Amino acid sequence: MIKTPLASLLLLTATYSFAANTDTAPVTNAWQPAQTIGAAPVNIPQQDAPVQLQPTAGPAPGAPLPQAGPTPLPSAALNYAKDQVTPLPAESVEELHQAFDQLQRSESRAPVTAVPRISSLTVNLSPGSSLPLLRVLPNYPSTVTFTDETGAPWNIDAPPVNGNDAGFVVNYIPNSPVLSVQARRAYDTGSVTVYLKGLPVPVNIALSSGEPDNAGKSQITDSSLNLRIPMRGPSAKALPVAREKISLDNPILQAFLDGIPPKEAKRLKTSGDVPLTSVWQIGDDLYIRSRSDLRDAFVETSSAADGTRVWKLPVTPEAVFSVQGHNATLAINLE
């Protein structure tokens, strides 16, 4: 009775051991833990014979890292993208920028330098006389102002007639003495006809946008031209001046009036409370340019549209002017 239970117990123990060994046996194709560098070797038992893995030797502490392999060549897609974004190298792009800058400088540099002038002319309405010339260059508009012999404005009565609309742009302000002219292109000619209020004959003005025969680097353009009509207009000033003393064709007076004194003129120093007044001497004559009215006797006078006047008178150490309704003495230093 004792042998039977003992035999049964041994048999049960052997059966349990066999079942346990069967459940925990490793499977060769199952997930395995990774091998770490420098760790103790892990023995992976096999069903038939266990295989012991050899440890992997790691780098010693402080040892240099292994050198990287050769850089892979860029792909064809990367090369195409670079060609589209930067088709030229940086040096060529900089050279193109410099060439474009030089082109802009050349385009902005005018072949002819304009010399603006403010001048006055007396219109001769007699048969056979020459037309007054207005010199206007492209990009430099000109204005024409009409005055009578007393310096009073003479208004335009009808729209002017432009003889060359393709070469010049002509505008005017109604009921005013002002006319504007712009040149559309260089080296062109034309004319404009102006009708003044109360004047029985029209005023014809010749237009020129450059002299093709002038090989100089600069040409004059009339920024402002005052055309004087040699008669009294509708708005003539009441001046206590004899008509024979009003000079409209004296080139010396005209030069002083335009601010370009003759070479032989000598500028004199002055003192006194007479603003915007200059005095020159030529021989035994004085030429005074001022916006104030001269009270002393004089030989000749001429005026511009802005109210500036020039007087010719004998040499004198002083002259009396009317300044804001009061007499003011101008002392002249005769040298």
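Student: Which residue in S17 is the bridge partner of Ile 288?

Tutor: Trp 311 is the bridge partner of Ile 288 in S17. Before we go on, this is a predicted model, so local features need pLDDT of at least 70 and side-chain atom pairs count only at pLDDT 80 or more, while totals for chains, interfaces and linings use all residues. Residues are numbered from 1 along each chain as its sequence is written, and side-chain values use heavy atoms, with hydrogens and water left out.

Student: How many bridges join S14 to S17?

Tutor: There are 6 bridges between S14 and S17 (residues 309–314), and the two run antiparallel. Strands here are DSSP runs of E with at least two residues, helices are runs of H or I with at least four, and both are numbered from the N terminus. Two strands pair if DSSP finds at least two bridges between them.

Student: And what does S14 do with S13?

Tutor: S13 (residues 278–282) and S14 (residues 285–290) pair in the antiparallel sense over 5 bridges. One of the partner pairs is Gln 281 with Leu 286 in S14. The two strands form a hairpin with 2 residues between them, and Gly 283 in the turn has a positive phi of about 65 degrees.

Student: What's the strand order in the sheet they belong to?

Tutor: The order is S15-S18-S19-S12-S13-S14-S17-S16, which makes an open sheet of 8 strands with antiparallel pairing. S15 and S16 stand at the edges with a single partner strand each, so one side of each has no neighbour in the sheet. Elsewhere in that order, S18 (residues 318–323) and S19 (residues 326–333) run antiparallel and are joined by 6 bridges. Val 320 has Thr 329 in S19 as its bridge partner.

Student: Switching to charges: how many salt bridges does a search of the whole structure find?

Tutor: The search finds 4. The cut-off is a side-chain nitrogen of Lys or Arg within 4 Å of a carboxyl oxygen of Asp or Glu. One of them joins the side chains of Asp 285 and Lys 312, at 3.8 Å from N to O. That pair links distant parts of the chain, with Asp 285 in S14 and Lys 312 in S17, 27 residues apart.

Student: Is Lys 312 buried or exposed?

Tutor: Lys 312 is buried, with a relative accessible area of 18%. Asp 285 is partly exposed at 23%. Buried means under 20% relative accessible area, exposed means over 50%, and partly exposed is in between (1.4 Å probe, protein chains only).

Student: Which residue does Asp 188 meet in a salt bridge?

Tutor: Asp 188 meets Arg 185, with the side chains 2.7 Å apart, N to O. Asp 188 counts as buried at 12% relative accessibility, whereas Arg 185 is partly exposed at 42%.

Student: Okay, cores. Which residues have the most contacts inside the largest nonpolar one?

Tutor: Phe 146, Leu 179, Val 181, Val 194, Leu 196, Val 203 and Ile 205 have the most contacts inside that core, which has 22 residues. A nonpolar core is a set of buried Ala, Val, Leu, Ile, Met, Phe, Trp, Tyr and Cys residues joined through side-chain atoms within 4.5 Å. The elements giving two or more residues to this core are S5 (142–147), S7 (168–172), S8 (178–183), S9 (189–196), S10 and S11. Apart from it lies another core, of 15 residues, and Trp 311 is among them.

Student: What does Val 181 touch?

Tutor: Not counting residues up to four places away in sequence, Val 181 touches Leu 134, Val 136, Pro 141, Ser 142, Phe 168, Val 169, Val 170 and Leu 207. Contact means heavy atoms within 4.5 Å.

Student: Where does Asp 213 lie?

Tutor: Asp 213 lies in the loop between S10 (203–208) and S11 (218–228). Asp 213 is exposed, with a relative accessible area of 78%. Asp 213 and Tyr 187 are 26 residues apart in sequence and 9.5 Å apart in space, C-alpha to C-alpha.

Student: Last one, the big picture: how many helices and strands are in the protein?

Tutor: There are 4 helices and 19 strands. Buried residues make up 29% of the 335 residues. Among contacts between residues at least 6 apart in sequence, 60% join residues at least 24 apart.
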